[in-house]
Amino acid sequence: MASRAQAWRQTEVPSSLAEVGNRVEARISVLMDDEVDRWHAVDPDLAEPLIALRELVRAGGKRLRPAFCHWAYVGAGGAPDDDVVVDAGAALELLHTFALVHDDVMDGSNMRRGRAAIHRRFMTRHDVQRWRGDARRYGEGAAILVGDFAFVYSDILLRSVPDAARPVFDELRIELCVGQYLDLEGTASRSSDPVQASRIERYKSGKYTVERPLHLGAALAGRLDELADPLSRFGLPLGEAFQLRDDILGVFGDAAVTGKPVGDDLREGKLTPLVAVAAAHATGAAARRLQKLGRSDLEDAEIAGLQAVLVDTGAVDEVERSIERLVDQALDALAVAPIALEARVALAELGTFVAWRDR
């Protein structure tokens with residue numbers, strides 16, 4: 001008998017995601033177009049960071065966090081066309097953009113969404129203009145400020161939300177920072193501790209991508225107290241499954257689809273459950289290969305060798321089984337959550353998409 005996860009499994013973007021994403025992108029575009037015009041009138045150079053931010057948002061992104069927020073709001077009785085949930089979704093997407101820009105600086109990533117990462121974009125600008133000083137320092141400084149713009153605009157968009165929703169958004173932001181720091185420390189320390197890896201997954205992405213956006217949607221509708229626990233029982237395992245898929249895509253994904261070079265996570269030496277499982281089972285030559293994790297100069301053949309270790313040790317299969325188990329757990333919880341049927345169906349579609357997406 002097929003599990004719930006197998007029955008719902010899909011890789012195509014569901015309409016429940018696309019519709020929300022389009023509304024959120026339109027809201028951000030209006031804001032950013034106005035801000036580019038406003039600050040260009042003060043000084044044309046001020047348009048540069050804002051245009052970079054606007055282009056990054058328009059370059060893609062799955063809009064998952066706005067979608068989870070939206071469908072929790074609808075599930076709690078909110079109107080699907082209410083401007084307040086569109087503003088909240090746009091705030092979540094700009095907060096995510098802030099995190100991506102800063103994350104690329106911290107990780108030294110060169111690509112994002114199929115184009116130069118923001119810090120690389122400004123390094124190139126520095127070189128083309130033949131400006132003085134260090135191009136990398138200028139580029140990273142500019143990127144930090146672009147991320148800061150996104151953070152502030154995200155906060156501005158939250159002005160319209162009810163007071164009960166604000167603490168949820170604040171907790172989401174704190175947990176995001178907690179997860180980013182744990183990730184930074186796990187990478188630098190060369191840890192292979194599976195407990196630490198799981199904690200990083202939970203805070204860096206799981207809670208911030210699924211659970212807290214669901215809570216935000218419920219808070220917008222005034223039903224957080226009633227729905228927080230049922231939504232957490234759905235959101236926490238699904239958030240973990242989302243990040244486990246992200247880990248696999250970071251190692252094996254198609255760069256033309258993901259928009260990031262294959263093997264970046266291996267060059268950065270990211271501590272993930274995938275790596276932790278491989279480290280626990282690797283011996284001999286395979287264990288020696290794993291010692292190369294975190295070397296920024298890894299060549300394609302070495303990346304392929306590390307990929308082989310992750311497959312041969314059974315780490316990939318174990319993570320895939322974990323994803324299916326977690327999605328089953330999430331869907332079982334969703335089936336009994338006291339939310340509207342329309343939202344339950346949409347959230348089930350979103351759940352299986354995030355677990356088996358290819359980007």
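Trainee: How do the residues of the lining of the largest pocket divide into nonpolar, polar and charged?

Mentor: This is a predicted model, in which local features need pLDDT of at least 70 and side-chain atom pairs pLDDT 80 or more, while totals for chains, interfaces and linings use all residues. Residues are numbered from 1 along each chain as its sequence is written, and side-chain values use heavy atoms, without hydrogens and water. Ala, Val, Leu, Ile, Met, Phe, Trp, Tyr, Cys and Pro count as nonpolar, Asp, Glu, Lys and Arg as charged, and the others, Gly among them, as polar. On that basis, the lining of the largest pocket comprises 17 nonpolar, 12 polar and 21 charged residues.

Trainee: Which residues that line the second largest pocket are the closest to its centre?

Mentor: The lining of the second largest pocket divides into six nonpolar, six polar and three charged residues. Of these 15 residues, the closest to the centre of the second largest pocket are R190, S191, S192, L290 and L293.

Trainee: Is E211 buried or exposed?

Mentor: E211 belongs to helix 9, which spans residues 194-220. The relative accessible area of E211 is 4%. Buried means under 20%, exposed over 50% and partly exposed in between, with a 1.4 Å probe and protein chains only. E211 is therefore buried.

Trainee: What is the length of the polar contact that joins the side chains of E211 and S232?

Mentor: A polar contact is a pair of N or O atoms within 3.5 Å; within protein, one must be able to donate a hydrogen and the other to accept it, and residues adjacent in sequence count only if both atoms are side-chain atoms. The side chain of E211 makes one with that of K207 at 2.8 Å. With the side chain of S232, the polar contact of E211 is 2.6 Å.

Terms used:
Helix = DSSP H or I, 4+ residues; strand = E, 2+ residues; numbered from the N terminus. 1 Å grid on protein atoms, 1.4 Å probe; cavity = no way out; pocket = protein on both sides within 12 Å on 5 of 7 lines; lining within 4 Å.
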